[in-house]
Amino acid sequence: MRIRAVLPAVTAAAALAVTLLPAASAHAAPHQGGLHLGYIQYDSPGRDTRTNSSLNAEWVNIHNNSSSAIQLKGYKLKDNTGYTYTFGSYRIGAGKTVKVRTGKGTNGAGVVYWGRGSYVWNNTGDKARLIKPNGVLRDSCSWTGREGGAKNCH
Ligand SMILES: [Ca+2]
C-alpha cells in the first residue's frame, strides 16, 4: 500500500520534469518546418501477394506541420529505383497528413493512390524522396528493412 501511495507522486514529478524541458531537448533532431515525410509502411503486412489491397497497405505519409495549407500539385515522391509519383491537385491543410498508397483507388481527403500494379518501396532497404515541383529535394528518408516493416521519418 505504501508503494502504491508513493508511485503516483513520483510519476507526477517525472511528468513535470519532462514538461519543463525545452522543446528542443525533447526532439534530438528537430525536423525542418513545413512539408516532410512522416510514417512509411514500406512492407505491406502479410505476404506480398500483389493484390490491390496488399499494394495499398504499402504507403507513405506526407505531413504538413507548417501553419498554412500547401498545394502539392507537381510535387514528386521517388524511390531508389527512380519510380516516381507526381501529385495532381491536392491541397494539404496546415497540420494535416496525406497518405500515398501504392495501389489503385479513388483519391479523397487524406489519401491519394499511386495506381501501381506492383510494390514500389523495397522491403530490404530503400529511400523515399519528396521533391518540390522545381526539382529541389524537400525531404528524404531511408530504411534498412530492419525496422519491422515501417519507418517513422519524423
Ligand atoms: Ca514493400
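These legends go with a handful of close-up views of a predicted model. Local features need pLDDT of at least 70 and side-chain atom pairs pLDDT 80 or more, whereas totals for chains, interfaces and linings use all residues. Numbering starts from 1 along each chain as its sequence is written, and side-chain values use heavy atoms, with hydrogens and water left out.

**View 1. Strand S1 and its two partners.** Strand S1 covers residues 35-41; strands here are DSSP runs (E, at least two residues), helices are too (H or I, at least four), and both are numbered from the N terminus. Six of the seven S1 residues are buried, so the rest of the structure largely encloses this strand. Buried here means under 20% relative accessible area, with exposed over 50% and partly exposed in between (1.4 Å probe, protein chains only). S1 pairs with strand S2 (residues 59-64) in the antiparallel sense over five bridges, and two strands pair if DSSP finds at least two bridges between them. Look for Leu35 opposite Asn64 in S2. S1 is also joined to strand S11 (residues 151-152), antiparallel again, by two bridges; Ile40 has Lys151 in S11 as its bridge partner.

**View 2. An open sheet of four strands.** The order is S5-S4-S9-S10, with antiparallel pairing. At the edges stand S5 (84-86) and S10 (137-143), each with a single partner strand, so one side of each has no neighbour in the sheet. On average, neighbouring strands of this sheet are turned by 15° against each other, direction ignored; axes are lines fitted to C-alpha atoms (for helices over the stretch in contact), and angles run from 0 to 180 degrees between N-to-C directions. Strand S4 (residues 76-78) and S5 run antiparallel and share three bridges, and Lys78 stands opposite Thr84 in S5.

**View 3. The calcium ion.** Its protein donors are Tyr42 (O), Glu58 (OE), Trp121 (O) and Asn123 (OD1), at 2.2 to 2.4 Å. Donors are N, O and S atoms within 2.8 Å of the metal (3.2 Å for Na, K and Ca), and water is not among the atoms, so sites may look incomplete. Along the chain, the donor spacing reads Y-x15-E-x62-W-x1-N. Tyr42 lies in the loop between S1 and helix H3 (52-56), and Glu58 in the loop between H3 and S2, so this pair ties together parts 16 residues apart in sequence. Both Tyr42 and Glu58 are buried.

**View 4. Aromatic pairs.** The structure holds six of them; rings of Phe, Tyr and Trp (its six-membered ring) pair if their centres lie within 6.5 Å, and planes under 30 degrees apart count as stacked, over 60 as edge-to-face and the rest as tilted. Tyr42 and Trp143 are stacked, at 5.1 Å centre to centre with 10° between the planes. Trp143 sits in strand S10 and Tyr42 in the loop between S1 and H3, so the pair ties together parts 101 residues apart in sequence. Tyr42 is buried at a relative accessible area of 1%, and Trp143 is buried at 4%. For Tyr85 and Phe87, ring centres are 5.1 Å apart and planes at 75°, so this pair is edge-to-face; both residues are buried. Ring pairs link Tyr42, Tyr85, Phe87, Trp114, Trp121 and Trp143 into a cluster.

**View 5. Charges over rings.** Lys99 lies over the face of Trp59, 3.2 Å from the ring centre. The charged end of Arg116 sits over the ring of Trp114, at 6.0 Å from its centre. The criterion is NZ of Lys or CZ of Arg within 6 Å of the ring centre and within 35 degrees of the ring normal.
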